[in-house]
Every structure is written in C-alpha cells, then in structure tokens.
Amino acid sequence: MRADGHAPGRPAPGGQDADQRTTGQLLRDGAREVAEVADGVRAVAERTADALLAPPHRRAARHPRTGLTARWALLRVLTDPRGLGAPAGATRRRIARLLGARRGGEPLAALMAVTSLRLRIAAVLTGHPELARDPGMRRLTEALGTRGDREAVRALRSLFRDPGAQRALAALTPVLDELLRVRALLDAEPPAPAAPETGGGRRAAEAVDLTDREKQTLATEGSLLGFLRNIDVLAPEGRVLVQNVRGPDGVVRYVVQAPGSSSGRPRHGSPRDVVGAWREQLTADSPYTRALRPAIEEHGIPRGAELALIGHGEGGTALLNLARDAGFCRTYRLTHVVAVGAPDPAGRPADPRTWVGHVTNEHDLVPAAAPADPHPGRYDARYTGPTRAFPESHLLREYIGHLRTVAPEARAHLDEALTPYRGPVVRSQAYQLKDPAHPPEGHPFLTLPTSSIPTTTGPVGVPVRYQDTAAAHLCFPVDTEAVRSLLPDVPWMRPSGIGRRTLAVLSLYEHRCSTLGPYTEIALSVPVDDLWQPHPADFATDLLRRADLRRTGRHVLSLAVTTEEARVAARELWGQPAVRAAAEVHLTGPRLRLSAPGLGIAVLGRLGPGVRCPEPDWALYGRRGDSTVRTAIRTAGRPRLHAGAGVRLRLDTAAAEPMAGQLRRLGIDTARPLFVVACPQFMVHRAAGAVLPR
C-alpha cells in the first residue's frame, strides 16, 4: 500500500492525470516488450556469428560445396540490411576484419532498441512535458528524429562517443534502462572502472573540516529528518557524513549519510562521475560505492559495530549496492538502509537481517527508472507529491517537506524503525570523496581556490564555475548617443566606440553545468571606456591586452535568468540588474533559437561559415548603490566569428521593460546583427565582483 492510500501501480482517480498515467504505462509496457524481443534477437545474432566464425569440425562443414553454402548463408544473414546484422563487441569487429573495408549492416537488435527508446521517451514526456527542454533530452530526441532507424542508430553512436553529451545523457534517469541497452547494442559501452588503489596510493576519501555555519546546522539528535537535512547541507560539495549516535540503550552506533548528484552541477573530482551514473544500476562495484568504504574505514568504526546507511538519489543507490557486498556485511552489522528518491539496483542485501526502507515520490522520475525488488524486511513508502515538475520533484529538500506534510505516516514508520539510532550525536565527521584515477571535471582550467559568499538564497562558491556552457553573442552597431542615454547618470561612464557608432551585445547563454546549477541567461551590454582615464577607441585597443589588465569593459544594461539562485547571484555578487524569466534556447547546432515570451524577445536564424577567433575573455560592469562593480570573466573554448546576415531578432509589440524597451531605444528591434560570436561548448569561471569607488 502506498503512503497516499492507493495500491502500487494503480492510477489514482483524477481524470486527465489518470489518463496520462494509463497512456504512459502502456507506452512503458510496449517499450519493455520491444526491448525483451531485442535481447532475444541479439542472442540469435550472437549464436549465428559464433557458428560463422567457429572452425569447421564436422565433415559436412569442411565439404567445399555444402560448407561454403552454409557459411555464405550465415554471412548473408549477418550482413544483409534485411537480416540480423552483426552483433556488437568483438564479434562485430571480427566480421569487419573478415570482410575488409565492408562492414555488416546495423544490428536488427539495435534498431529494435531504438524503437524501445522512442517509446520510453514518449512515455516520460506524456507525464512530464517540461523534460523536453532538458539539454540531454533535446539532444537525444534530435538524434532519434533523423530520417530512418539506421540513421538514428548512427546518430546515437556519435552521440555516445561525444564527451560533452555524456553528462547530459547520464542525467536522463527516466530512460536509463533503454539508454544502457542501446549503448551495449551499439558497441558503445563506457570504459571499465579503474581498479581501486592500494598500498601507498592516494585514498578515495579524505576527512575534511566543517565550517562553523555547517556545524551549527547539523542535527544534534538522531532522527530521519535530521539525517536528511545533514545530507542536504553537505550535498553541494559531494561530501559524505559519518556520525556516532548514542542510542536509547546507551550503545554507540554509526550512521553513514550519502548525498546524490545534483543535475547540472560539477562533481569537483568526486567519484559520483558520469561512468558511475551509467554503471550504478548494473554493478555493486561502481566508483561511488568503492569510495564509500575508505570513508567508513577512515572513521575507525570497530568490527561488528551496528551501522545504518541513509542516502538520497545516486547516494542511496550506492549504499544499496554497498549492502549487497558480503565482505562489508561480514565486517559490520548492517542493520538499516534508507534510500530516498533512489533507483533500486537489482539484488538483495547480503545480510538477510538488514532492514531496507525506500521512499519514493511518484512524480520523481529517478526512482521510477528501476522497479523495486520486494522482499521480507523491506518497507516501500510511495506517495504523490504536490509538484509534478522534474527535477524539482527529485530535490531532497522537497522530500524533507513532503515527509512532514504529505507522508507523515511514512516518516513515523521510518523513525520507529530507526529507534536504535534516536539519541544524541556524539561525533560528526565529513569526508570528501575523491576519484584518484581521474582528474576533476574541468581540470586544469577550473581547478581554482574557492571561497563561500553568503547570499539571501544561501552560500555561493566563488569563483562561479561553468563546466559546460554554450553561448552566442549578437553584436549590433548602434548610435553612441542612444547608448549614453541608457547608461547610469554619472559623468565618468562613457560608451566606447568609434565616432558616433558603437556596439550593443545581446548575449545568449545555455549553462548546462555550473556551480549555480543549470540555467539560461540573456544579457544586453554595451562597451564603456576606462572609468578614470578614457581615450578614443579605448575598447578596440584594449582587446590587445590580457583580460585581467584591461581597463575597459561592458556595462550590463539588463539581464534575465531562469533560476532564482542565478538571479540572486547576479544582483548580490556582480551588481547586475537581473530578473527571472522563462526562456528556451538552443545554441549547439548551426541554427540559433531563443524564445522568451515573458521578455517579448525571440531570436531565430542560421549561422553561416565561421572563422576561429581569440578567446572572448572580458570584464563586466554593474552597479550596487553608488559604487561600480567590476567582474572578471575567463573562458576556455573554441569560439567562431560568423556573419550575422542569417540571424534575426524579433520583439513582441507588447513586450515590457526593461530589455525589450532598451533594444527598441537602441534601434535594433528589427535589425540583423553585424556579426555573431558563437561557441557551442566552452568553460567559464566568473569571480566575485570587485567594488570600485566610482
């Protein structure tokens, strides 16, 4: 029975929602059946290939007529476009060598798996249409939308080999099963995990100190919500917490608390990597699971001590995998595992006495990616949260609120099960998980010393790092006097240009992975002279200097972002007049597309041939009170300069201020840009703003 009183798998009454569940379930059932048939076809293809490549032992097979006929028939079945197609892996490569330059047709099993993937995507989008805007889902649907199944197979193979797409695809947990199946059938498996280091090598977990603010926030009494709040506090940096809790009987027990991965945020060298996200469902030896054991050993938990594991998302799955490790369960007495919003891997705990609790919001697509394995000693709490949107429905703070209000019975049941761990916390130690076999994401460009700055939405690590970003800067020639009328009313801030003309830059960003999370950014800026000693054509000559030595910059006239965290950071860290607005942007292909109905702005067009240009490092100016804030921005990528004739900006006639009105006053509401600087993938780090006495 679910926490909301309905039977599992049975749609709750509610008209359209019930119809959507039924349609989605039918599509998922169809996807599963097609995938099972694809597995059967794959097995037949493998047996056929083995018969073709096996040495001819029988006399009939060695006969020059009958043997050659049989082998030709087998070869035709594996290479004919209407046949089985060569299976993936080493067998496919052996057949390719046998045929020379000619390769066998695309495997029939792969074509069927593509159909299964299409059905699963349709099922997910039926209940969650907002996922269509996800960068990973968009790239996946574009690959599947190519003409014909065989072209789709080739497009998927290219997508799986693209390092930039790995993170986005690994976040698509609703279609993880089909993605893993298609990867295997396309011979595109991720590399095998590196062996754990031994001896004097670097450890995969390192004890780290907590800040004073974090120490004050951590729970001092053992409880389910207290443990979950601890995970929420330490999750942004991927740290694991181990606490010693003195139970009601006076016995000290231990609680390991593991965070999940945050969609669209870098992992800072943590073993919660992309390969681990793919493999978490397949094997108990994932990088994240392997890194948890050194943290537990480092804490000094004695052998045979009672231990509870509590995790969220990918962390919950890693802990469930750890519970399947017989050696780990022989070392410690694993009493409880509680996974919140986590996909459930196949298998049961190695110790049959281990109690497993699983909390699932039915609108959360992450745990829906894998069915549960019911067994004695397992408690499943399923409820329907008030928010349908994903990934909001997967956030740990949402689960914490739901356990208080929507599913209090589930919270009470879990707290009762955790009674031995309900007592004062006598020690808390955080551990930073590391992956010694791989450098941190963005190394070395994003390997920087960081600090934390408090804001109204919580602390923000600076410099803000953008590991995966796409951008297009539309540059319009405008009248200098029109720009002057939009700048702050101070005599020492002057537009930089040549004669009576200068440039206005409309910048479009798709931040797919950043320390602020994924968001879209639209900025209108204009170049300004040195604030103290302006010179003619200062902006043009300043481009020859290093970015950190430039005295000019671009003043941000208006800015729109799609998340509250980004809006607060822009206002409080960089002094930019940011507003929050919905926007959809696509900047990864030759076509540019932006739609921001709330701002009344749309950009559509096609980029022509381009030429490489230098890295566009720059400085941005904003205002905070009576002071100017200067922000240095460094980038690493391969930008290209394109003519702007194929790109058009459109403004809604009813568009409100400020951005649309400023574009009109600059006279570019119907103009085409002079040129466009575009980069489909690059990295950025943006320092905190420096306040200038101007």
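How exposed is Arg551, in terms of relative accessible area? Arg551 is partly exposed, with a relative accessible area of 45%, where buried means under 20% relative accessible area, exposed means over 50%, and partly exposed lies in between, for a 1.4 Å probe and protein chains only.

The structure is a predicted model, in which local features need a pLDDT of at least 70 and side-chain atom pairs count only at pLDDT 80 or more, whereas totals for chains, interfaces and linings use all residues. Residues are numbered from 1 along each chain as its sequence is written, and side-chain values use heavy atoms, with hydrogens and water left out. The pLDDT, which is the predictor's confidence in each residue on a scale from 0 to 100, averages 80 over the chain, and 78% of the residues score at least 70. Over residues 100-104 the pLDDT stays under 50, and the model has eight contacts for this stretch beyond four places in sequence, a contact being heavy atoms within 4.5 Å. The pLDDT is likewise below 50 over residues 189-203, a stretch with 25 contacts in the model beyond near neighbours in sequence.

Helices and strands are described here as DSSP runs numbered from the N terminus, helices being H or I over at least four residues and strands being E over at least two; two strands pair if DSSP finds at least two bridges between them. On this basis eight strands form an open sheet with mixed pairing, in the order β1-β8-β2-β3-β4-β5-β6-β7. Strands β1 (205-208) and β7 (378-383) stand at the edges with a single partner strand each, so one side of each is left without a neighbour in the sheet. From one strand to the next the twist averages 20 degrees, with axes taken as lines fitted to C-alpha atoms, for helices over the stretch in contact, and angles running from 0 to 180 degrees between N-to-C directions. Within the sheet, strands β5 (residues 333-340) and β6 (residues 355-361) run parallel and are joined by five bridges, and Ala339 stands opposite His358 in β6.

Helices accompany this sheet. Helix α14 (residues 314-323) packs on the sheet, where α14 touches β3 (252-258), β4 (306-312), β5 and β6, and the direction of α14 makes about 145 degrees with that of β4. Helix α17 (residues 408-417) lies across β5, β6 and β7 and runs at about 160 degrees to β6. In helix α16 (residues 396-405), the residues Leu396, Tyr399, Ile400, His402 and Leu403 are buried. These residues cover an arc of only 165 degrees around the axis, which puts them on the same side of α16, the arc being that of the directions from the helix axis to the C-beta atoms. The buried residues of α16 pack against α11 (224-234), β4, β5, β6, β7 and α17, while the face turned away from the buried side carries the exposed residues Arg397 and Thr405.

Val252 is found in strand β3 and counts as partly exposed, at 26% relative accessibility. Leaving aside neighbours within four places in sequence, Val252 is in contact with Asn244, Val245 and Arg246. Val252 and Leu307 are 55 residues apart in sequence, and their C-alpha atoms are 9.8 Å apart in space.

Side chains of opposite charge can pair when their charged atoms come close. The structure holds 15 salt bridges, a salt bridge being a side-chain nitrogen of Lys or Arg within 4 Å of a carboxyl oxygen of Asp or Glu. In one of them, Glu214 is joined to Arg239, with the closest N and O atoms 2.6 Å apart; this pair links distant parts of the chain, as Glu214 lies in helix α10 (residues 212-217) and Arg239 in strand β2 (residues 239-246), 25 residues apart. Glu214 counts as buried at 13% relative accessibility, and Arg239 counts as buried at 9%. Arg551 forms a salt bridge with Asp530, the closest N and O atoms being 2.8 Å apart. Here Arg551 lies in the loop between α19 (538-542) and β14 (553-561) and Asp530 in the loop between β13 (519-528) and α19, 21 residues apart. Asp530 is buried, with a relative accessible area of 3%, whereas Arg551 is partly exposed.
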